[in-house]
Amino acid sequence: MSHKTFVPVNEPLLKGNEEKYLIECIRTGWISSEGPFIKKFEEQFAARVRRKYGVAVSNGSVALDASVAALGIGAGDEVIMPTFTIISCAAAVVRAGAVPVVVDCDPVTWNMDVTQIEARITSRTKAIMVVHIFGLPVDMNPLLMLAHKYGLKVIEDAAEMHGQTYEMRPCGSFGDISTFSFYPNKHITTGEGGMIMTDDPALADRCRSLRNLCFKSEQRFVHDELGWNYRMTNMQAALGVAQLERLDEFVQIKRRMGARYSKLLASTPGIQLPLAQTGFADNIYWVYGLVIDNSVPFDAKEAMKRLEKLGIGTRPFFWPMHEQPVFKKMGLFANQTCPVSERIARRGFYIPSGMALTDGQIEQVVDAMRKVFQ
Ligand SMILES: *Cc1c(COP(=O)(O)O)cnc(C)c1O
């Protein structure tokens, strides 16, 4: 038997024009947040998502911070979001002095259960923060109808949705403000990076200002309000432009990976595989997630330990916001339960899903999965 090396949970593909464009940054001296690749990346990515404006920032988490601030969400306001998401979503709301209000997720798509939103709307609700999870978009039509009915803003976290659509319309085009991340495990990467998308020129201006310490054009070092340094560098944007050239190909690679895993794992007992499609989208498998059936006598933690021993990298699912110690200490989410999220947080994990994953590695992962679950 040939020697098998460890299969990492993620490895990006940087084999297009990344090197060429990066060298261009170094040769021309444009290495800070000034430089031609920033504008190019903002314009090209906005066009791809069918938005008027893109504001490149240093990562997907601060894209959410700036979005919440740009919408004027603050003390006393409530923002409805899924409990099953990354901390960045709730952190942005809490840091703004507002209150995150969470709903549970769907047991099959793992996306926020849109039917639970209306019951959580109060006179203080200012926005819905919708997060598309793992590769399938949230059912946007009923959510947008609710936002319209109650006059709520929509913040769309599309960090896992590059190249995905909902009923043929690009994810990232649905929010008053939408955000992306370009972390190395996303469909396109800039190392670290993010972007805020909007069609509203005033919101775009506000995000640009917040990104750049709210410097004033008339008197640079006099400030009317507090911003951040959330700028993206020209070098990151150079990677972004090169990666964007291959986005369609990357989505194909991921769909092929997902289909392959699903075919090879179909007969493995005790695990729930990700849904290949819904009525409005085909999965783009940001990650290939699995949930262990309740009948299996061990949880995700144990399965991940066993897979690690067999040379397979994994990551757990998100831990629900309403169970986060940091928020509990703040007195948030007292007595809240979300049974679906609580279960999948404990029984869910994802297997290697990166862009550079080979067919051989997929087989190696599947062999190990069979050993653990059969
Ligand atoms: C990755 C991710 C983020 C955070 O992006 P960073 O660039 O890592 O800060 C935010 N939201 C979701 C849903 C993500 O998957």
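**Entry 1: the model**

I began with the source: this is a predicted model, in which local features need pLDDT of at least 70 and side-chain atom pairs count only at pLDDT 80 or more, while totals for chains, interfaces and linings use all residues. Residues are numbered from 1 along each chain as its sequence is written, and side-chain values use heavy atoms, with hydrogens and water left out.

**Entry 2: helix 3 and helix 6**

I looked up how helix 3 (residues 60-70) and helix 6 (residues 201-211) pack, and found an angle of about 125° with the axes 9 Å apart. That makes helix 3 oblique to helix 6; angles under 35 degrees count as roughly parallel, over 145 as roughly antiparallel, 65 to 115 as roughly perpendicular and the rest as oblique. Helices here are DSSP runs (H or I, at least four residues), as are strands (E, at least two), numbered from the N terminus, and the axes are lines fitted to C-alpha atoms, for helices over the stretch in contact, with angles running from 0 to 180 degrees between N-to-C directions.

I then listed the residues in contact (heavy atoms within 4.5 Å): Ala-66, Ala-69 and Ala-70 of helix 3 meet Leu-203, Arg-206, Cys-207 and Leu-210 of helix 6. Of the residues in this contact of helix 3 with helix 6, six are nonpolar, none is polar and one is charged, where Ala, Val, Leu, Ile, Met, Phe, Trp, Tyr, Cys and Pro count as nonpolar, Asp, Glu, Lys and Arg as charged, and the others, Gly among them, as polar.

**Entry 3: helix 3 and helix 4**

With helix 4, helix 3 packs at an angle of about 35°, the axes again being 9 Å apart. Here Ser-61, Leu-64, Asp-65 and Val-68 of helix 3 meet Ser-88, Cys-89, Ala-92, Val-93 and Arg-95 of helix 4, and by class the contact of helix 3 with helix 4 has five nonpolar, two polar and two charged residues.

I checked the cover of helix 4 as well, and seven of its nine residues are buried, a word used for under 20% relative accessible area, against over 50% for exposed and partly exposed in between (1.4 Å probe, protein chains only). The buried residues of helix 4 pack against several elements, including helix 3, strand 2 and helix 10 (325-329).

**Entry 4: the largest nonpolar core**

A nonpolar core is a set of buried Ala, Val, Leu, Ile, Met, Phe, Trp, Tyr and Cys residues joined through side-chain atoms within 4.5 Å. The largest one has 49 residues, of which Phe-84, Met-129 and Phe-134 touch the most other members. Helix 3 gives the most to this core, with seven residues. Not counting residues up to four places away in sequence, Phe-84 touches, among others, Trp-110, Phe-134, Phe-317 and Ile-344.

**Entry 5: single residues**

I found Phe-134 in the loop between strand 4 and helix 5 (140-150), with a positive phi near 70° although Phe-134 is not a glycine. Phe-134 counts as buried because its relative accessibility is 3%.

Leu-213, in the loop between helix 6 and helix 7 (234-244), likewise has a positive phi, of about 60°, but Leu-213 is partly exposed, at 32%.

Last, I looked up Thr-179, which lies in strand 8 (residues 177-181) and is buried, at 0% relative accessibility. Leaving aside neighbours within four places in sequence, the contacts of Thr-179 include Ala-63, Leu-64 and Ser-67.
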